[in-house]
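Q: I have a protein model open and want to learn how to read it. Can you take me through it feature by feature?

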Amino acid sequence: MKETKKRTLYECSHARVKGESIYCDKGYTLCIRPGDGHLEISRLAGGQRLALSICQSCPDYDSMGPPVPPEERGWLKKKVMK
Ligand code: SF4
């Protein structure tokens with residue numbers, strides 16, 4: 001199925017990975033659940049789309065290039081297929 005064009009964390013230079021979490025170096029809250037506003041890295045590992053609503057209208061979005069195709073996201077699915 002073709003995906004509609006949305007901004008994702010894969011394309012923004014401000015999305016960073018540290019330890020077991022993904023965070024925004026501009027200080028935006030990526031996860032609304034109680035805590036530090038960071039996302040669990042398992043969402044990246046699982047190849048989720050990561051098109052967060054906060055990024056869609058963010059004034060600090062900084063594109064690093066074209067979207068990452070779904071087949072190149074994540075690494076857990078690839079391990080299962082072996
Ligand atoms: S679009 Fe905005 S909120 Fe999303 S990662 Fe980039 S700077 Fe952070």
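**Reading the model**

A: Helices (H or I, at least four residues) and strands (E, at least two) are DSSP runs, numbered from the N terminus. The model is predicted: local features need pLDDT of at least 70, side-chain atom pairs count only at pLDDT 80 or more, and totals for chains, interfaces and linings use all residues. Residues are numbered from 1 along each chain as its sequence is written, and side-chain values use heavy atoms, with hydrogens and water left out.

Q: What is the phi of Leu50?
A: Most residues other than glycine have a negative phi. Leu50 is not a glycine, yet its phi is positive, about 60 degrees.

Q: Is Leu50 buried or exposed?
A: Buried means under 20% relative accessible area, exposed over 50%, and partly exposed in between (1.4 Å probe, protein chains only). Leu50 has 4% relative accessibility, so it counts as buried. Across the 82 residues of the protein chain, 30% count as buried.

Q: Which pattern does the protein chain follow along the sequence?
A: The pattern is β-β-β-α-α-α. That comes to 3 helices and 3 strands.

Q: How do strand 1 and strand 2 pair?
A: Strands of a sheet pair through backbone hydrogen bonds, either parallel or antiparallel. Two strands count as paired if DSSP finds at least two bridges between them. Here strand 1 (residues 15-18) and strand 2 (residues 21-24) are antiparallel, with 4 bridges. Take Ala15: its bridge partner in strand 2 is Cys24. The hairpin of these strands has 2 residues between them, and Gly19 in that hairpin has a positive phi near 60 degrees.

Q: What is the order of the strands in the open sheet?
A: The sheet has 3 strands in the order 1-2-3, with antiparallel pairing. Strand 1 and strand 3 (39-40) are at the edges, each with a single partner strand, so one side of each has no neighbour in the sheet. Strand 2 and strand 3 are joined by 2 bridges. Ile22 stands opposite Leu39 of strand 3.

Q: Where is Val17, and what does it touch?
A: Val17 is in strand 1. With a relative accessible area of 49%, Val17 is partly exposed. Contact means heavy atoms within 4.5 Å. Not counting residues up to four places away in sequence, Val17 touches Ile22, Tyr23, Ile41 and Leu44. The C-alpha atoms of Val17 and Leu44 are separated by 9.5 Å, and these residues are 27 residues apart along the chain.

Q: Which residues touch the most other members of the largest nonpolar core?
A: A nonpolar core is a set of buried Ala, Val, Leu, Ile, Met, Phe, Trp, Tyr and Cys residues joined through side-chain atoms within 4.5 Å. The largest one has 13 residues, and Leu9, Ile22, Leu30, Leu39, Leu44, Leu50 and Leu52 touch the most other members. Now look at Leu9. Leaving out residues up to four places away in sequence, Leu9 touches Ala15, Ile22, Leu30, Leu39, Leu50, Leu52 and Cys55.

Q: Is Lys5 buried or exposed?
A: Lys5 is exposed, with a relative accessible area of 64%. Lys5 lies in the segment before strand 1. Its contacts, leaving aside neighbours within four places in sequence, are Glu11 and Pro67.

Q: How much of the contacts in the protein chain come from residues 24 or more positions apart?
A: Among contacts with a separation of 6 or more, such residues account for 62%.
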